[in-house]
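Please read it alongside the sequence and the coordinates.

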Amino acid sequence: MTRARFTLLVATSRDGFIARHPGENPVAWASAEDQARFRAAVTAADWSVLGRTTHGVAPNPQRRRIVFSTAAGAPVWRESVQLWLDPAGQTPDGLAALVAAVHPLRTGLILGGTRVHDWFLAHGAIDRVELTVEPVSFGRGVPIFSGQGAADPVDVFRRAGFGVIAEAALNAAGTRSVELRPVD
Ligand SMILES: NC(=O)c1ccc[n+]([C@@H]2O[C@H](COP(=O)([O-])OP(=O)(O)OC[C@H]3O[C@@H](n4cnc5c(N)ncnc54)[C@H](OP(=O)(O)O)[C@@H]3O)[C@@H](O)[C@H]2O)c1
């Protein structure tokens, strides 16, 4: 079986936070251009992987999702296309095997939050990062990875082993898109 490919799709403040507080919808501060990219990426992907809180911000029961929750325990389908599980003891390829009968997982989107990012990083399974940096600063908030304070988001990914492949302005207000891949 071909290995599933995972893209981490994330919008951050310029000081490296994904939300001001858990439960905040990025719509509150992300640009229209980022939101359009987000919707297109979710539509194009086979499956999205997200934590319980991020799922709860916009549950969308028709979207194909794998939702991480310690409380879920063993994998359980809570909607026809939404699998909940505790990822402890699982692997990224194991996730693909669990959902294959419903829809093959060839391209997966890692939608966060923090500990979902941590889990994929620990498994060496982030094949690509599509980062949007919005021209806002939060000072504090929900980080990209655990243990990270305010920091330039590109530096956060560089320290985690990624290098910039491409960068572009998304609008005149200063929103930037940055694509990164693991450095060999
Ligand atoms: N800007 C962006 O691009 C972006 C991206 C993602 C999220 N967000 C925002 O970030 C906030 C949520 O992020 P968050 O980090 O606070 O929460 P989260 O990861 O969405 O959800 C946290 C919960 O998910 C479960 N979970 C996540 N990773 C797990 C793991 N490795 N093992 C076991 N359980 C795991 C746990 O559920 P249990 O407590 O049930 O065990 C945990 O309490 C929301 O405001 C969301 O909108 C923004």
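In which loop does Gly113 lie? Gly113 lies in the loop between E7 and H4; here helices (H or I, at least four residues) and strands (E, at least two) are DSSP runs, numbered from the N terminus.

1. Basis of the model. This is a predicted model, in which local features need pLDDT of at least 70 and side-chain atom pairs count only at pLDDT 80 or more, while totals for chains, interfaces and linings use all residues. Residues are numbered from 1 along each chain as its sequence is written.

2. The cis peptide. Gly112 and Gly113 are joined by a cis peptide bond, with omega about 5°. Most residues other than glycine have a negative phi, and most peptide bonds are trans.

3. Strand E8 and its partners. Strand E8 (residues 128-134) runs antiparallel to strand E11 (residues 176-182), and 5 bridges join them; Val129 has Leu180 in E11 as its bridge partner. E1 and E8 pair in the parallel sense over 7 bridges, with Ala11 opposite Thr132 in E8. Because 5 of the 7 residues of E8 are buried, this strand is largely enclosed by the rest of the structure. A residue is buried if 20 or more other C-beta atoms lie within 10 Å of its own, exposed if 12 or fewer, and partly exposed in between, with C-beta atoms placed from the backbone.

4. Strand E3. In E3, 5 of its 5 residues are buried. E3 pairs with E7 in the parallel sense over 4 bridges, and Trp47 stands opposite Gly108 in E7. E3 and E4 also pair in the parallel sense, over 4 bridges, and the bridge partner of Val49 in E4 is Ile66. The chain passes from E3 through helix H2 (residues 52-57) to E4 in a right-handed β-α-β crossover (with the strands pointing away from the viewer, the path from the first strand over the helix to the second runs clockwise).

5. The nonpolar core. The largest nonpolar core has 42 residues, of which Val49, Ile110, Phe120 and Ile126 touch the most other members. Strand E1 (residues 5-13) supplies the largest share of this core, 5 residues. Such a core is a set of buried Ala, Val, Leu, Ile, Met, Phe, Trp, Tyr and Cys residues joined through C-beta atoms within 7 Å. Leaving aside neighbours within four places in sequence, the contacts of Ile110 include Phe6, Leu8, Val49, Phe120 and Ile126; two residues are in contact if their C-beta atoms, placed from the backbone, lie within 7 Å.

6. Thr114, Val116, His117, Phe120 and Leu121 are the buried residues of helix H4 (residues 114-122). Down the axis of H4 they fall within an arc of 165°, so they line one face of the helix; the arc is that of the directions from the helix axis to the C-beta atoms. In H3 the buried residues are Pro92, Leu95, Ala96 and Val99. Their arc is 100°, so they too line one face of the helix.

7. Gly124, which follows H4, has a positive phi near 60°. Asn60, in the loop between H2 and E4, has a positive phi near 35° although not a glycine. Asn60 counts as partly exposed because it has 14 C-beta neighbours inside 10 Å.

Note on methods
Two strands pair if DSSP finds at least two bridges between them.
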